[in-house]
Amino acid sequence: MELKLLNEQGQASAALQASDALFGREYNEALVHQVVVAYKANARSGNRAQKGRDEVSHTTHKPWRQKGTGRARSGMGSSPIWRGGGRAFPNSPDENFTHKVNRKMYRAGVAAILSQLVRDGRLSVVEGFAVEAPKTKLLSQKLKGMGLDSVLVITDTLDENLYLSSRNLPNVLVLEVSETDPVSLVRFPNVLVTKAAVAKMEEMWQ
């Protein structure tokens, strides 16, 4: 599999030979969907909580007598059908949202995403990617010169200047190879990978 190697002007200057197992895999939509959903579900903190009938503040006094009023019988103000009553099936703060995904499935899902990005022409490789100082303007000008607006930048090691420069750009995200996730890969229309990061990807995800 050949990947486009871009120069400073964003033009394809050469081609880089890469692994077919990682960048030439057939797209599996069901697997990619499962991996993305599982990643987002596993990121949930599960700290939401609601009050049940025994937890809401209420009086135990019977609202009205059992018979003779013409209304439906009612025993307590904590009923779920009453305003201010408890929830019938409340959410608990220790709810578990995790999805289990095998390591082999996760790697295959990431490889399917990367392969589709290559087929769509959305993934490109650069020799190296850095800025001289931690300034947002420098990074913005560099990306503009390459014709990139919204982009995910993947590097082998995270450069501090590059990371600090990208924090104020809402459409730019800089990640190390080890921190790359399927949600970020499908979120951005363009993915820019350094040459050293490609070699690291082949070691980690093949």
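1. In this predicted model, arginine 44 is placed over the face of phenylalanine 97, at 3.6 Å from the ring centre. A further arrangement of this kind involves arginine 71, which lies over the face of tryptophan 64 at 3.9 Å from the ring centre. As for pairs of aromatic rings, the structure holds 1.

2. The loop between helix 2 and helix 3 deserves attention next. Serine 78 belongs to this loop. Serine 78 counts as buried because its relative accessibility is 1%, and the cut-off for burial is under 20%. Its contacts, not counting residues up to four places away in sequence, are Arg53, Val56, His58, Gly85 and Gly86.

3. Alanine 49 is also found in the loop between helix 2 and helix 3. Alanine 49 has a relative accessibility of 53% and therefore counts as exposed, the limit being over 50%. Leaving aside neighbours within four places in sequence, alanine 49 is in contact with Asn91 and Pro93. The C-alpha atoms of alanine 49 and proline 90 are separated by 7.2 Å, although these residues stand 41 residues apart along the chain.

4. The packing of two helices may be considered here. In general, a packed pair of helices is described by the distance between the axes and by the angle between them. For helix 3 (residues 103–119) and helix 7 (residues 195–205), the axes come within 10 Å and cross at roughly 145°. Helix 3 contributes Arg107, Val110 and Leu114 to the contact, while helix 7 contributes Met201, Met204 and Trp205. Sorted by class, the contact of helix 3 with helix 7 comprises 5 nonpolar residues, 1 charged residue and no polar residues.

5. Valine 110, a residue of helix 3, takes part in that contact. Is valine 110 buried or exposed? Valine 110 counts as buried, because its relative accessibility is 1%. Apart from neighbours within four places in sequence, valine 110 is in contact with Leu185 and Trp205.

6. The largest nonpolar core has 29 residues. Which residues have the most contacts inside this core? They are Phe23, Leu114, Leu123, Ile154 and Met201. At least two residues of the core come from each of strand 1 (2–6), helix 1 (20–23), helix 2 (29–42), helix 3, strand 3 (123–126), strand 4 (151–155), strand 6 (190–194) and helix 7. Helix 3 gives the most, with 7 residues. Two of the core residues named above, Leu114 and Met201, also belong to the contact between helix 3 and helix 7.

7. Isoleucine 154 may be examined within this setting. Not counting residues up to four places away in sequence, isoleucine 154 touches Leu175, Glu176, Val177, Thr180, Leu185, Val191, Leu192, Val193, Thr194, Ala197 and Met201. A second, separate core has 15 residues, including Phe129, Val131, Met146 and Val174.

8. Phenylalanine 129, a member of the second core, lies in the loop between strand 3 and helix 4. Phenylalanine 129 is buried because its relative accessible area is 8%, where the cut-off is under 20%. Not counting residues up to four places away in sequence, phenylalanine 129 touches Leu139, Lys142, Leu143, Met146, Val153, Leu162, Leu192 and Thr194. One of these, Met146, is likewise named in the second core. Phenylalanine 129 and alanine 38 are 91 residues apart in sequence, and their C-alpha atoms are 31 Å apart in space.

9. Lysine 137 has its place in helix 4 (residues 136–145). Lysine 137 is exposed, because its relative accessible area is 61% and the limit is over 50%. From C-alpha to C-alpha, lysine 137 and serine 166 are 9.4 Å apart in space, and in sequence they are 29 residues apart.

Conventions: Residues are numbered from 1 along each chain as its sequence is written. This is a predicted model: local features need pLDDT of at least 70, side-chain atom pairs count only at pLDDT 80 or more; totals for chains, interfaces and linings use all residues. Side-chain values use heavy atoms; hydrogens and water are left out. Axes are lines fitted to C-alpha atoms, for helices over the stretch in contact, and angles run from 0 to 180 degrees between N-to-C directions. Helices (H or I, at least four residues) and strands (E, at least two) are DSSP runs, numbered from the N terminus. Contact means heavy atoms within 4.5 Å. Ala, Val, Leu, Ile, Met, Phe, Trp, Tyr, Cys and Pro count as nonpolar, Asp, Glu, Lys and Arg as charged, and the others, Gly among them, as polar. A nonpolar core is a set of buried Ala, Val, Leu, Ile, Met, Phe, Trp, Tyr and Cys residues joined through side-chain atoms within 4.5 Å. Buried means under 20% relative accessible area, exposed over 50%, partly exposed in between (1.4 Å probe, protein chains only). Rings of Phe, Tyr and Trp (its six-membered ring) pair if their centres lie within 6.5 Å; planes under 30 degrees apart count as stacked, over 60 as edge-to-face and the rest as tilted. A charge sits over a ring if NZ of Lys or CZ of Arg is within 6 Å of the ring centre and within 35 degrees of the ring normal.
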